[in-house]
Amino acid sequence: INLQKEENIKRNAINMADKPLSEEAKRAVQAAKQDEANHSNQLGYNPYEVRKVTAGQASTASVAMAHGSINAGNQGGTSNSAPPPASSAAPAAALPTVQS
């Protein structure tokens with residue numbers, strides 16, 4: 001393991017030297033940065049940016065991602081696009097009666 005570490009250190013020293021980038025490498029780096037910026041814009045947030053949130057905020061975000069957000073007091077007439085969950089309760093007429 002120590003021999004592998006030493007070899008990796010030597011390779012990194014050679015490959016990561018302070019040499020100027022070639023024009024092709026500069027274009028590749030610029031294209032990667034632009035692609036990352038486009039991806040962040042499509043997502044609506046930067047996935048590489050660290051954010052500190054509480055457990056409650058994380059839970060709310062997870063539920064909103066899975067089920068859609070709930071806008072309490074929204075008077076705009078819009079509703080959540082997800083249908084309400086099906087009820088598992090049977091109608092009262094379908095339940096058997098118990099005689100004691």
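User: How many salt bridges does the count come to here?

Analyst: Happy to walk you through it! A salt bridge is a side-chain nitrogen of Lys or Arg within 4 Å of a carboxyl oxygen of Asp or Glu. By this rule, the count is two salt bridges. Before we go on, a word on the source: this is a predicted model, where local features need pLDDT of at least 70 and side-chain atom pairs count only at pLDDT 80 or more, while totals for chains, interfaces and linings use all residues. Residues are numbered from 1 along each chain as its sequence is written, and side-chain values use heavy atoms, with hydrogens and water left out.

User: Which residue forms a salt bridge with Glu7, and how far apart are the closest N and O atoms?

Analyst: The partner is Arg11, with 3.6 Å between the closest N and O atoms. To place the pair, recall that helices (H or I, at least four residues) and strands (E, at least two) are DSSP runs, numbered from the N terminus. Arg11 and Glu7 are four residues apart in helix H1 (residues 2-15), so about one helical turn separates them.

User: What about the salt bridge of Lys26?

Analyst: The side chain of Lys26 meets that of Glu23, at 3.7 Å from N to O. These two are three residues apart in helix H2 (residues 23-43), again about one helical turn. Lys26 is partly exposed, with a relative accessible area of 43%.

User: How does the reach of H2 compare with what is expected at 1.5 Å a residue?

Analyst: The expected span of a helix is 1.5 Å times one less than its number of residues. H2 has 21 residues and reaches 30 Å from first C-alpha to last, close to the expected 30 Å. Just after H2, Gly44 takes a positive phi of about 90 degrees.

User: Which residues does Ser40 touch?

Analyst: Contact means heavy atoms within 4.5 Å. Leaving out residues up to four places away in sequence, Ser40 touches Tyr45, Asn46 and Pro47. Ser40 lies in helix H2 and is buried, with a relative accessible area of 14%.

User: What is the secondary structure of the chain, and how many of its residues count as buried?

Analyst: The chain has three helices and zero strands, running α-α-α from the N terminus. Of its 100 residues, 1% count as buried.

Key. Buried < 20%, exposed > 50% of the residue type's maximum accessible area, 1.4 Å probe, protein only.
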